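Work through the following exercises with the model open beside the sequence. Each task is followed by a solution that goes step by step.

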Amino acid sequence: MREFILSRGDADLSRKKSPQPPLEVRAAPPLSRSAVIAVVIFLVAHLALLVGLTAPEKFVFDEVHYVPAARQMIAPVMSQPVLNPMHPPLAKELIALSIATFGDNALGWRYPGTLFGALAIVAIYLCGLALFAAQGPAIAAALIAAANQLVYVQARIAMLDIFALAFGLLATAAFMHGFRKERPHALFAVAGTLFGLAAACKWSGLFPLGVCIVIVAAIRLMQSWRTLFADAKPDDWYRPDLWPDFRLHHVALCFAVLPAVTYLATFVPLYGLSLSDLIEAQRRIFADNTTTAIAGHTYMSAWPSWPLLARPVWFLFDKIAEDHISAIVFLGNPLVLWPALLALAVVLRDFIVMRRWDAFLIAAFYFGPWLAWALLPRTLGFIYYYLPAASAASLALVYVLRRGGLPRWLLWAYVGVAAIGFAVMLPISAAFVGTSMQTFNRLMLFQSWI
């Protein structure tokens, strides 16, 4: 680490010796062009996710919990007790809206997931624009995130995680775009509102919000100490002149008030304005999400094992014919997620040694949402909890592959490798494709995958 100068007097003296370099501002691509590309990415991703969506035409894995809860919401008279009270209502309200629109069938259950899966891919593209200020790397990041298999599988099942992921990544993109701005107020307010929507789908949506709060608090604390880097550089993650007009009440509004108001508003369709019912709903969610699980689960896994893809979740395994099966395995593309671990090591090195702001943000939004699970007392965990961190890992891969000295074609060659891995894994990721037992066994590389 470089030398810190912490005392007020020394800080003033250091300013005279080593004036603060100007803020590094990367020229952003034209907004209209970025918007067009975002729309194209959304449409292509959405159409790809729709193919074979209704296979199978029965409940898959935890759809058995969430679809009945959504059905209850659109019943003429809502029955009691409320089903699935251990999670906030927004994602289930979106599934309910889809059922009311498309019918109580596989399309109705799963369609909104495809919309939000496509939005998650767009959000990675927007994060890439904020970090790399170039269309090519941003598009590559979106393609790699789409090829990691996890978004594809989770977007085609009526569960809650894809909704929290999309809102969370969109919020993260807004925060990243505001991070280097002199006046980040509007973007941080958008981020806070979106984080509230993420939490309204699943409480794990609070993890990236926590990351933002820690980042802002750390920077403000260092500024209050008048901290300076002795060899300050334009691309430092910390700067004493960052956000000069972003006051404490702005922090409270963007990262506390707006998320809370947005979150609580999603309960109104279910509980009305009853304060007692609203408080009881939060108490029940808190109790269910902080209680240590006693019973095990066939596919449970611990958070340290998720980056290694040690234990997948079999969402579906149906024998269709003598040697033909239909399978959905939440596993991840090893050609993306294993190399990402090496890329993240480089990102950490650049954050610690070179203090780069882009490496800092990538590391924060990878390690924060992942390591947050280590703080919870729950022993029951699944690899799909790794979904937000795994999506952010695509940014680490692009960061490393566009480092100085590497040929530009290498990034796109790797995108091709990731696409090949996706194609190889597709027979066990999409039920409509199907595969033979021989191929299935060949793809199950380790005993822990079975």
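Predicted model: local features only at pLDDT ≥ 70, side-chain atom pairs only at ≥ 80, totals over all residues.

**Exercise 1. Describe how helix H8 and helix H16 pack, and state which residues make the contact.**

Step 1. Two packed helices are described by the angle between their axes and the distance between those axes. For helix H8, residues 161-179, and helix H16, residues 387-401, the angle is about 40° and the axes are 10 Å apart.

Step 2. As for handedness, the crossing in which H8 passes H16 is right-handed.

Step 3. On the H8 side the contact is made by Asp161, Leu165, Leu169 and Met176, and on the H16 side by Leu387, Pro388, Ser391 and Leu395. Sorted by class, the contact of H8 with H16 comprises 6 nonpolar residues, 1 polar residue and 1 charged residue.

**Exercise 2. Characterise the largest cavity by its volume and its lining.**

Step 1. Begin with the count: the structure holds 3 cavities of 30 Å³ or more, and the largest of them has a volume of about 270 Å³.

Step 2. Its lining consists of 22 residues, and those nearest the centre of the cavity are Ala164, Leu165, Pro208, Pro369 and Pro388. Leu165 and Pro388 also take part in the contact between H8 and H16 treated in the previous exercise.

Step 3. The elements that give two or more residues to this lining are H8, helix H10 (206-224), helix H15 (357-371) and H16, and the largest share, 7 residues, comes from H8.

Step 4. By class, the lining of the largest cavity divides into 16 nonpolar, 4 polar and 2 charged residues.

**Exercise 3. Which residues lie closest to the centre of the second largest cavity, and which helix gives the most to its lining?**

Step 1. The second largest cavity holds about 80 Å³ of space. It is lined by 16 residues, of which Val82, Asn84, His87, Lys92 and Leu270 are the closest to its centre.

Step 2. Helix H3 (63-73) and helix H12 (268-271) each supply at least two residues of this lining, and H3 gives the most, with 3 residues.

Step 3. To complete the description by class, the lining of the second largest cavity divides into 12 nonpolar, 3 polar and 1 charged residues.

Note on methods. Residues numbered from 1 in each chain as written. Heavy atoms only, no water. Axes fitted to C-alpha atoms, helices over the stretch in contact; angles between N-to-C directions. Helix = DSSP H or I, 4+ residues; strand = E, 2+ residues; numbered from the N terminus. Left-handed = near helix turned anticlockwise from the far one by under 90°. Contact = heavy atoms within 4.5 Å. Nonpolar A, V, L, I, M, F, W, Y, C, P; charged D, E, K, R; others polar. 1 Å grid on protein atoms, 1.4 Å probe; cavity = no way out; pocket = protein on both sides within 12 Å on 5 of 7 lines; lining within 4 Å. Points joined across faces, edges and corners; volume = space filled by probe spheres on them.
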